[in-house]
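I opened a new page to record what I looked up in this model. The entries follow the order in which I checked things.

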Amino acid sequence: MVKDHEVRKKIRSAAWDQAQVTDSSLLLVLCADLKAWKKNPAQYWKNAPKDAQDFLVHSMGPFYEGNDQLQRDEAMRSCGIAAQTIMLAAKSIGYDTNPMIGFDPQKVGNIINLPDDHVISMLIAVGKQIKPAMPRGGQLPLSDVVFTDKFPS
Ligand SMILES: Cc1cc2nc3c(=O)[nH]c(=O)nc-3n(C[C@H](O)[C@H](O)[C@H](O)COP(=O)(O)O)c2cc1C
């Protein structure tokens, strides 16, 4: 969460000067720790049944170890789920949101002191819309994106 207006101004300059970066009620930078899986993994399962803990805590290491692509996939997947939840929760209490990838991740990472083993998934501006959203840009027919059992060959 970015509260300091000066920090917001710096992020705005690294985000194509998009006004919502400084002007929204709330600015979130969704980040993930790419190495969370090996930093005390037991904390993620401490409330799980003992047999599940025994299995999961010990399987996390071998699952992610040496697989940078999977670690990054997991980070983006988890942030995507969190982002959608945040946006739906905001809407449910009367706020609008704007998920954003229009920024330079390197520059924003420097501004917020992002640790080397973390990654930024997206920004989310939260607030009250000042004008209605544009019409949807264009939607593909479901038949182009929903397949049963297998992709068509
Ligand atoms: C991955 C992604 C990144 C986006 N980045 C930006 C952005 O940087 N700035 C912006 O104004 N809109 C951005 N948008 C578009 C809006 O967040 C939003 O999707 C658009 O206003 C359409 O809203 P709707 O999907 O509810 O119709 C992005 C959308 C997506 C899917």
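This is a predicted model: local features need pLDDT of at least 70, side-chain atom pairs count only at pLDDT 80 or more; totals for chains, interfaces and linings use all residues.

**Entry 1, helix H3.** I looked up residues 50-64, which form H3, a helix of 15 residues. From its first C-alpha to its last, H3 reaches 22 Å, close to the 21 Å expected at 1.5 Å a residue. Then I asked which residues of H3 are buried. I found Val57, Met60 and Tyr64. I wrote down a general point beside them: an α-helix has 3.6 residues a turn, so residues three or four places apart point the same way. Next I checked what the buried residues of H3 pack against, and the partner is helix H4, residues 68-92. Just after H3 I came to glycine 66, which takes a positive phi of about 75°.

I wrote a reminder first: most residues other than glycine have a negative phi. I then looked up tryptophan 16 and found a phi near 55°, a positive value in a residue that is not glycine. Tryptophan 16 sits in the loop between helix H1 (5-13) and helix H2 (20-23). Is tryptophan 16 buried or exposed? With a relative accessible area of 71%, tryptophan 16 counts as exposed, because the cut-off for exposed is over 50%. I also checked aspartate 17, which is not a glycine either and has a positive phi of about 55°. Aspartate 17 lies in the loop between H1 and H2.

**Entry 3, the ligand.** I listed the residues that surround the ligand: Gln18, Gln20, Asn98, Pro99, Met100, Ile101, Gly102 and Arg136. Sorted by kind, this shell has three nonpolar residues, four polar and one charged. Which strand gives the largest share of the shell? I found strand S2 (residues 96-100), with three residues.

I then looked up distances to oxygen atoms of the ligand. For arginine 136, a polar side-chain atom lies 2.6 Å from a ligand oxygen. For proline 99, a backbone N or O atom is 2.8 Å from an oxygen atom of the ligand. For glutamine 20, an N or O atom of the side chain is 3.2 Å from a ligand oxygen.

Notes:
Residues are numbered from 1 along each chain as its sequence is written. Side-chain values use heavy atoms; hydrogens and water are left out. Helices (H or I, at least four residues) and strands (E, at least two) are DSSP runs, numbered from the N terminus. The expected span of a helix is 1.5 Å times one less than its number of residues. Buried means under 20% relative accessible area, exposed over 50%, partly exposed in between (1.4 Å probe, protein chains only). Contact means heavy atoms within 4.5 Å. A residue is near a molecule or strand if one of its heavy atoms lies within 4 Å of it. A polar contact is a pair of N or O atoms within 3.5 Å; within protein, one must be able to donate a hydrogen and the other to accept it, and residues adjacent in sequence count only if both atoms are side-chain atoms. Ala, Val, Leu, Ile, Met, Phe, Trp, Tyr, Cys and Pro count as nonpolar, Asp, Glu, Lys and Arg as charged, and the others, Gly among them, as polar.
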